[in-house]
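The paragraphs after it go through selected contacts.

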Amino acid sequence: MQRLRTPAWIIRHVAMVVLVVGFLGLGWWQVTRAAGGNALSFGYAIEWPVFAGFVVFVWWREVRQALRAERERPAGPAPSATAGDEPVAATPAVRGPVAATPAVRRPVRVARTPVRPADGADDGELAAYNRYLSWLNANPGARPGDYPG
């Protein structure tokens with residue numbers, strides 16, 4: 001429940017209360033206008049409380065989602081993704097009230113090489129598009145329809 005007392009959640013709670021009170025007030029205002037003879041206000045008198053109900057529904061759904069995420073959060077460190085041939089070492093069982101220290105993870109190293117087509121041929125459409133882009137860059141006042149190729 002501490003999660004629902006953060007500054008962001010306090011703003012959400014206040015916004016929900018302000019919106020619901022405002023929408024219900026607008027609904028009551030429309031009821032008084034409808035009682036004064038404005039027939040269109042009967043529809044609005046129903047619409048504003050529906051808006052207030054929608055605000056309460058969204059707020060309640062967000063609260064439930066935040067509480068569910070808090071309950072489902074794992075107690076231990078998240079499992080790390082392994083890359084390569086390194087074996088995964090088992091973590092020893094910790095007994096007693098010992099603070100868990102986060103595991104140090106090495107960054108994943110990926111070789112960045114240009115991707116070639118599988119058959120070894122260059123992509124003709126890509127080369128044509130690159131020629132088109134370089135022509136547009138060389139001719140700043142030209143429109144795309146002026147391209148000669």
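In this predicted model, F54 is exposed, its relative accessible area being 54%. F57 has a relative accessible area of 46% and is therefore partly exposed, since the exposed class begins over 50%. Both residues belong to helix 2, where they sit 3 residues apart, about one turn of the helix.

A search of the whole structure gives 8 aromatic pairs. One of them joins F54 and F57: the ring centres are 6.5 Å apart and the planes make an angle of 35 degrees, a tilted arrangement.

Another pair involves Y132 and Y147. Their ring centres are 4.9 Å apart with 80 degrees between the planes, so this pair is edge-to-face. Y147 is partly exposed, at 25% relative accessibility. Y132 and Y147 also belong to a cluster linked by ring pairs, together with Y129 and W135.

Helix packing comes next. Two packed helices are described by the angle between their axes and the distance between the axes. For helix 1 (residues 7-35) and helix 2 (residues 41-72), the axes come within 7 Å and cross at roughly 165 degrees. Helix 1 and helix 2 are therefore roughly antiparallel, the cut-off for that class being over 145 degrees. The crossing of helix 1 past helix 2 is left-handed. Residues of this contact comprise 21 nonpolar, 4 polar and 3 charged.

Methods. Residues numbered from 1 in each chain as written. Predicted model: local features only at pLDDT ≥ 70, side-chain atom pairs only at ≥ 80, totals over all residues. Heavy atoms only, no water. Axes fitted to C-alpha atoms, helices over the stretch in contact; angles between N-to-C directions. Helix = DSSP H or I, 4+ residues; strand = E, 2+ residues; numbered from the N terminus. Parallel < 35°, antiparallel > 145°, perpendicular 65-115°, else oblique. Left-handed = near helix turned anticlockwise from the far one by under 90°. Nonpolar A, V, L, I, M, F, W, Y, C, P; charged D, E, K, R; others polar. Phe/Tyr/Trp six-rings, centres within 6.5 Å; stacked < 30°, edge-to-face > 60°. Buried < 20%, exposed > 50% of the residue type's maximum accessible area, 1.4 Å probe, protein only.
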